[in-house]
Amino acid sequence: MRTGERNTHESVIGRAAALLSSYDSRHLAIGVSELARRSGLAKTTTARLAADLAEHGFLERTEGSDYKLGSRIFELGSLANRQRQLREVALPYMADLRQVSKQTVHLAVLVGTEVMYVEIVRSRNAPRMPSEVGGRLPAHASGVGKAMLAYSPEPVVQAVLATGLPAVGPRTITAPGLLLRELRRIRELGIAYESEESGHGIGCAASPILGADGTVVAAMSISGWSGKLDLRRIGPAVKTAALAMSRDLAIRGPAARPAWSNPG
């Protein structure tokens, strides 16, 4: 690394971010020398990194040997936009659930064998939950995860079983047969209940959000401390909100549905 390269460029990710940040509406195709100048990287570093990014689709070579942003960048941008649209649709329903329950409301999607929280609406009257936006948990160890698995294709469920079902909380389901029976029950009820499966003292009721074609899009839950949460009372409220949001997404069309990539 040359002396002029900034400390933020010490990692590969930092250098890649600096290079990609060189592009704007006035600079759509840039040569290696200009990329080096704009990013603050050495020319040799820039050439090597640009070639690597092009190999993975994040950049593309033009006929004049410049580099432009590649299709992979636009694919990821589209996913981020769909996630934002999903949150926008969900927030009114989540606010209503918080008002009714005085508890924390989660919105999550299934990414591979894990759930990822994309929105959390917290209540002032509820204790702080350990979950965070962007945080992940094994799908089998959470109410939202079980709600989505119950409506997922068989290859997705098998991929989760293949993880070995590690214990996360004191009552995580770790037996494959027991999890499969639980998923069948959830599909019958339309509600997934959790009691200390994702962490000590945590309880929740969750329900899946489905697309117009019946495939699972996300899941919503009301969460709180198990000793203070009446799961049987809040379960129908979550299910009603999830059904209403499913209808809303169907009306808005596929643009509001996140295209998450799951196994199978």
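**Briefing: sheet, helices and ring contacts**

Helix α8 (residues 231-252) lies across β7, β8 and β9 (216-225), at about 25° to β8. Contact means heavy atoms within 4.5 Å. This is a predicted model: local features need pLDDT of at least 70, side-chain atom pairs count only at pLDDT 80 or more, and totals for chains, interfaces and linings use all residues. Residues are numbered from 1 along each chain as its sequence is written, and side-chain values use heavy atoms, leaving out hydrogens and water.

**Sheet**
- Six strands form an open sheet in the order β6-β5-β4-β9-β8-β7, with antiparallel pairing (strands pair if DSSP finds at least two bridges between them).
- β6 (136-138) and β7 (192-195) are the edge strands, each pairing on one side only.
- On average, neighbouring strands of this sheet are turned by 30° against each other, direction ignored.
- Four bridges join β7 to β8 (residues 202-210) in the antiparallel sense.
- Opposite Glu194 stands Cys204 in β8.

**Helices α1 and α3**
- The axes of α1 (residues 12-20) and α3 (residues 43-55) come within 11 Å and cross at roughly 85°.
- α1 and α3 are therefore roughly perpendicular (65 to 115 degrees).
- Arg15, Ala16, Leu19 and Leu20 of α1 meet Thr45, Thr46, Leu49, Ala50 and Leu53 of α3.

**Rings**
- The charged end of Arg232 sits over the ring of Tyr193, 4.2 Å from its centre (CZ of Arg within 6 Å of the ring centre and within 35 degrees of the ring normal).
- The count of aromatic pairs is zero (centres of Phe, Tyr and Trp rings, the six-membered one for Trp, within 6.5 Å).

Technical notes: Phe/Tyr/Trp six-rings, centres within 6.5 Å; stacked < 30°, edge-to-face > 60°. Helix = DSSP H or I, 4+ residues; strand = E, 2+ residues; numbered from the N terminus. Axes fitted to C-alpha atoms, helices over the stretch in contact; angles between N-to-C directions. Parallel < 35°, antiparallel > 145°, perpendicular 65-115°, else oblique.
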